[in-house]
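Here is a short tour of one protein chain, written for someone who would like to find their way around it on screen. Open the view below and follow along.

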Amino acid sequence: MSILDNRPELARQINEIAEVAGYLWTKGWAERNGGNITVNISEHVDDRMLQLPAISKPVAIGATLPNLKGCWFYCKGTQKRMRDLARRPMGNGSVIRILDDCAHYEIVADEPVMPTSELPSHLAVHNYLIGKGSTYKASLHTHPIELVAMSHNPEFMKKDVLTKLLWSMIPETKAFAPRGLGMVSYMLPGSNALADETIKALDDNYDVVMWEKHGVFAVEEDIMSAFDQVDVLNKSANIYMCARSMGFVPDGMSDVQMQEISDVFHLPK
């Protein structure tokens with residue numbers, strides 16, 4: 001029996017995660033076991049779930065995260081592939097609950113799949129989001145090819161340089177990724193230092209953060225919305241690179257044209 005049985009809303013959310021995992025693989029953003037997804041599913045926990053026995057011993061998170069007490073998450077499994085998660089999400093990910101000490105978790109369902117090694121950094125972000133009163137519940141890490149390529153240019157890593165360039169490539173980018181792209185210099189993947197710098201970028205009002213020469217980290221209300229933001233930003237990066245490959249530097253939209261987009265879509269200044 002699966003934890004998804006007779007829980008249609010939870011099943012819908014897990015199926016959406018599987019759908020996004022398929023998109024990541026198809027786009028070439030999830031080579032081998034690359035990328036991670038962690039979603040706070042606490043709102044779908046019912047009384048019966050609270051009585052479910054753990055199928056693992058308590059595992060130390062490596063930090064105490066007080067805002068996560070009693071929270072439940074779906075997490076991609078360690079060494080699991082997005083293409084496999086797309087086909088069988090409960091066999092390539094796990095449902096965990098945070099214990100009352102806020103420093104350990106246990107696996108509850110469906111299989112004893114250990115979560116990603118990057119789980120502590122993902123949970124640190126969720127702890128931050130809850131602490132600031134955010135309604136965001138989904139975090140996504142993936143490797144969008146064009147954006148990663150652009151992060152190899154030091155000029156693009158300067159604050160908001162790449163944001164303004166990407167916004168100017170096509171109107172939809174500013175409309176649907178209005179907070180742009182935060183930038184974090186290269187750090188060891190999965191490290192606490194990377195998590196700390198990512199949280200600083202999120203606190204600077206970004207929803208998507210570029211990890212230099214590595215990938216992006218996005219947070220949103222749900223996993224599809226997180227994917228959408230990365231998708232529109234990477235589309236702009238692809239347009240820029242296509243223009244350069246044809247031998248010219250694209251003009252981009254003017255400041256006046258981009259301001260018009262902001263006015264029409266009531267975007268923050």
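## Overall size and make-up

The radius of gyration used here is taken over C-alpha atoms, and the globule rule is 2.2 Å times the number of residues to the power 0.38. With 269 residues, that rule puts a compact globule near 18 Å, and the protein chain agrees, at 19 Å. Please keep in mind that this is a predicted model, in which local features need pLDDT of at least 70, side-chain atom pairs count only at pLDDT 80 or more, and totals for chains, interfaces and linings use all residues. Residues are numbered from 1 along each chain as its sequence is written, and side-chain values use heavy atoms, with hydrogens and water left out.

Along the principal axes, the C-alpha atoms fill a box of roughly 60 × 35 × 35 Å.

## Surface and contacts

The protein chain exposes about 12,400 Å², 53% of it supplied by carbon and sulfur atoms; accessible areas come from the Shrake-Rupley method with a 1.4 Å probe, and for residues only the protein chains shown count as cover. Buried residues make up 53% of the 269 residues. Here buried means under 20% relative accessible area, exposed means over 50%, and partly exposed lies in between (1.4 Å probe, protein chains only).

A contact means heavy atoms within 4.5 Å. Taking contacts between residues at least 6 apart in sequence, 72% join residues at least 24 apart.

## Val208 in strand E8

Val208 lies in strand E8, residues 208-211. Val208 counts as buried because its relative accessibility is 0%. Leaving aside residues up to four places away in sequence, Val208 touches Gly180, Leu181, Gly182, Val216, Phe217, Ala218, Gln229, Val230 and Leu233. Val208 and Leu140 are 68 residues apart in sequence, and their C-alpha atoms are 9.3 Å apart in space.

## Helix H9 and its ends

Helix H9 covers residues 223-245, and its 23 residues should span 33 Å at 1.5 Å a residue; the end C-alpha atoms are 32 Å apart, which agrees. The expected span is 1.5 Å times one less than the number of residues.

Just after H9, Gly247 has a positive phi of about 100°.

## Cysteines

How many disulfides does a search of the whole structure find? The search finds 0, where a disulfide is a pair of cysteine sulfur atoms within 2.5 Å. The closest cysteine sulfur to that of Cys102 is in Cys71, 8.6 Å away, so the two are too far apart for a bond. Cys102 is buried, with a relative accessible area of 7%, while Cys242 counts as partly exposed at 37%.

## Backbone details worth a look

Most residues other than glycine have a negative phi, and most peptide bonds are trans. Asn6, in the segment before helix H1 (8-26), has a positive phi near 60° and counts as exposed at 68% relative accessibility. Lys213 also has a positive phi near 60°; Lys213 sits in the loop between E8 and strand E9 (215-220) and is partly exposed at 44%.

A cis peptide bond joins Ala109 and Asp110, with omega about -15°. Asp110 is in the loop between strand E5 (104-109) and helix H4 (119-131).

Notes: Helices (H or I, at least four residues) and strands (E, at least two) are DSSP runs, numbered from the N terminus.
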